[in-house]
Amino acid sequence: MIRFGVIGAGSIANTFSLAMKATKHQLYAISSRDIEKAKQFQQTYGYEKAYGSYEAMLRDPNVDCVYIATPHGLHYDHMMLALDYKKPILCEKSFTLNAKQAEEVLYKAQEKKLFVMEAMWTRMLPAIQELKKTLDSGIIGTLTHMEASFGFDLRNNGKDRMIDLSLGAGALLDIGVYPIHFAHLIFGNPKRFETEVKMDPRGFDLSESFTFYYENQKAILESSMASNLNQIAIIYGTKGYVKVPRFWSTDQATFYDLNNKVVKEINHPHLVNGFEYEINEAAECIEKGQLESKHIPHMLTIEIMKEMDALRNAWGMKFPNE
Ligand SMILES: NC(=O)c1ccc[n+]([C@@H]2O[C@H](COP(=O)([O-])OP(=O)(O)OC[C@H]3O[C@@H](n4cnc5c(N)ncnc54)[C@H](OP(=O)(O)O)[C@@H]3O)[C@@H](O)[C@H]2O)c1
């Protein structure tokens with residue numbers, strides 16, 4: 001059993017805490033900059049310990065793995081700190097602000113022989129794993145192209161992290177990371193890309209479209225924090241296509257032939273909210289003494305960060321603290 005300690009008592013820490021009940025692992029400690037907030041979390045979810053500072057929790061020898069649930073602009077500092085305290089890490093997406101930060105964190109983790117994993121939970125969902133296996137079986141023939149879009153209007157959601165550049169503001173790192181990971185799962189590393197962006201005057205991306213080109217395929221992708229997009233991914237092949245609703249958090253997918261007849265359906269309802277699978281994966285890797293997960297190897301996290309660097313570079317967008 002792995003005892004988890006959480007850094008940051010914000011929204012996603014709630015989702016994580018709820019999912020734990022479908023695992024055999026423990027909500028051991030919650031840490032917040034505000035002890036009252038930590039105590040509130042402790043009461044709601046039954047954490048054994050509540051800490052009023054992240055470092056105080058990291059000093060606790062009973063914490064076996066740290067879940068980092070702070071804004072992406074702080075992930076680098078929080079991961080480096082956790083590694084200093086010799087703690088294995090499960091860190092929320094986007095992993096860091098850029099590839100250089102990701103490489104530094106992962107290099108240090110390797111040096112210290114500590115497990116680190118990007119919490120891209122989509123990769124561990126049973127429906128996504130079956131989707132990938134079914135595609136590999138050739139059910140819709142040779143894959144030709146795909147499209148995926150993901151967007152919400154988050155402009156007035158009251159979160160500093162969406163509009164504060166030093167916290168990693170913008171649609172790409174918050175939302176675009178999902179279609180990028182998804183396209184990577186299907187087609188691997190792109191060879192080149194084309195992109196268009198709508199920037200906010202404050203210097204972050206509100207909406208973007210990007211087409212990734214591979215040897216013989218392409219992925220047409222879109223993300224936005226300024227409008228609701230349909231959240232559906234469609235993957236096309238020479239013998240049919242597959243529709244994946246809410247592809248980033250999905251528990252289902254439907255395959256069709258070229259006459260639009262359903263040829264296969266996938267249904268794997270989440271046990272709680274879908275986070276339980278990434279929690280189990282991280283815990284199992286730690287228990288086995290692995291330094292990375294086969295579902296999200298370090299090289300993949302670095303590649304995804306490089307793809308996002310390249311997009312921001314094409315738009316002329318920089319974070320002040322990178
Ligand atoms: N996997 C998913 O589906 C998913 C969904 C949403 C978000 N996320 C990721 O999870 C991370 C956190 O997102 P969230 O929506 O939970 O954010 P949030 O509600 O804004 O919470 C982040 C927490 O970080 C801590 N924090 C430390 N320094 C901060 C600062 N300077 N400004 C703001 N917060 C600070 C705060 O905790 P204390 O006050 O307790 O210290 C805060 O509650 C992001 O990287 C995001 O991309 C993932």
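Predicted model: local features only at pLDDT ≥ 70, side-chain atom pairs only at ≥ 80, totals over all residues.
View 1. Axes are lines fitted to C-alpha atoms, for helices over the stretch in contact, and angles run from 0 to 180 degrees between N-to-C directions. Helices (H or I, at least four residues) and strands (E, at least two) are DSSP runs, numbered from the N terminus.

**View 2. Eight strands form an open, mixed sheet.** Follow the order S8-S9-S10-S7-S11-S12-S13-S14; two strands pair if DSSP finds at least two bridges between them. The edge strands, S8 (192-199) and S14 (262-267), each pair on one side only.

**View 3. Strand S10 (residues 218-224) pairs with S7 and with S9.** Seven bridges join S10 to S7 in parallel, whereas S9 and S10 pair in the antiparallel sense, over seven bridges. Look for Lys218 in S10: His145 stands opposite Lys218, and Lys218 is also the bridge partner of Tyr213. S9 and S10 form a hairpin with four residues between them.

**View 4. Helix H6 (residues 126-136) meets helix H8 (residues 171-187).** Their axes come within 10 Å and cross at roughly 35 degrees. On the H6 side the contact (heavy atoms within 4.5 Å) is made by Ile128, Leu131, Lys132 and Leu135, and on the H8 side by Phe182, Leu185 and Ile186.

**View 5. The ligand is surrounded by 24 residues.** The closest are Ser32, Lys37, Tyr54, Lys93 and Lys159; a residue is near a molecule if one of its heavy atoms lies within 4 Å of it.

- Arg33 has a backbone N or O atom 2.9 Å from a ligand oxygen.
- His72 has a side-chain N or O atom 3.0 Å from a ligand oxygen.
- Tyr178 has a side-chain N or O atom 3.0 Å from a ligand oxygen.

The protein covers 85% of the 890 Å² of accessible area that the ligand has on its own, with areas from the Shrake-Rupley method and a 1.4 Å probe.

Note on methods. Residues numbered from 1 in each chain as written. Heavy atoms only, no water. Polar contact = N/O pair within 3.5 Å; in protein donor to acceptor, adjacent residues only side chain to side chain.
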